[in-house]
Structures are given as C-alpha cells and as structure tokens.
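Subject: Structure for your files

Hello,

Here is the structure I said I would pass on. My notes follow below it.

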Amino acid sequence: PVRDYSTATAWYERLLGNPPSFLPNEVEAVWELAEHRYVFIEVRPEHAGHASHTVFVGDFDERMSQILERGLQPAERETYSNGVRKAIFRDPDGNELAFGGGPA
C-alpha cells in the first residue's frame with residue numbers, strides 16, 4: 001500500500017529496473033518478478049508503509065549492482081551466520097522490499 005501513485009511507481013521502477021508489467025486500474029501497478037511471481041503497489045493511504053516482503057534471488061550480487069547503478073541504496077544489509085545475505089530497501093512510504101541471496 002502506498003500514498004502517492006506517481007512517486008511509488010517511479011521508485012519501484014528504479015528498484016526493479018523496469019516499468020510495471022501491467023496496470024490493472026488507475027490505483028495499481030504490477031511488476032512480474034519471474035514467471036507467475038508478482039509484486040504490486042496499490043494506493044491505500046491508510047495502510048501505506050506497513051508492507052514487508054523478502055524475495056530470494058539467484059543473482060543477488062548482480063541484482064544489487066544494478067540497483068545501486070540506478071541510484072538506490074539499501075536501508076539495511078544483513079549477513080546471517082550461514083552466509084545468506086539480505087538487502088532491505090524502503091520505499092518513500094516505508095514499505096520494505098528486501099532481496100535475499102546465498103553466500104558470496
């Protein structure tokens with residue numbers, strides 16, 4: 001859930017590296033992360049900032065490099081005792097979308 005459609009759409013385009021896959025209506029935008037795997041935003045100001053998702057990817061280092069090139073920095077980075085890494089990004093409303101990946 002987001003407050004401002006234009007601001008959120010632009011931020012997610014930078015994070016995910018492409019425009020939405022489709023726009024179901026004037027308050028939603030949907031990105032396909034992989035076949036049959038989606039993330040979407042929806043204008044719901046009363047709920048904005050309360051989402052938290054982690055997506056595990058096989059290309060963690062490459063994906064982080066691409067996101068950094070697009071000018072976004074993770075709000076937090078974590079490395080767990082088993083070597084799994086996580087980069088947490090927060091959109092303008094405070095929603096968290098994190099990427100996780102295996103050891104370097």
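The model is predicted: local features need pLDDT of at least 70, side-chain atom pairs count only at pLDDT 80 or more, and totals for chains, interfaces and linings use all residues. Residues are numbered from 1 along each chain as its sequence is written, and side-chain values use heavy atoms, with hydrogens and water left out.

I began with helix H2. The buried residues of H2 pack against helix H1 (5-16), strand E6 (85-90) and strand E7 (96-101); contact means heavy atoms within 4.5 Å. Helices (H or I, at least four residues) and strands (E, at least two) are DSSP runs, numbered from the N terminus.

H2 covers residues 60-69, and Phe-60, Met-64 and Ile-67 are buried in it. Viewed down the H2 axis, the buried residues fall within an arc of 65 degrees, so they line one face of the helix; the arc is that of the directions from the helix axis to the C-beta atoms. Buried means under 20% relative accessible area (1.4 Å probe, protein chains only). Just after H2, Gly-71 has a positive phi of about 90 degrees.

As for the whole chain, two helices and seven strands make up its secondary structure, in the order α-β-β-β-β-α-β-β-β along the sequence. The C-alpha trace spans about 40 × 25 × 25 Å along its principal axes. Of the 104 residues, 36% count as buried. Among contacts with a separation of 6 or more, 47% come from residues 24 or more positions apart.

Regards

Note on methods. Buried < 20%, exposed > 50% of the residue type's maximum accessible area, 1.4 Å probe, protein only.
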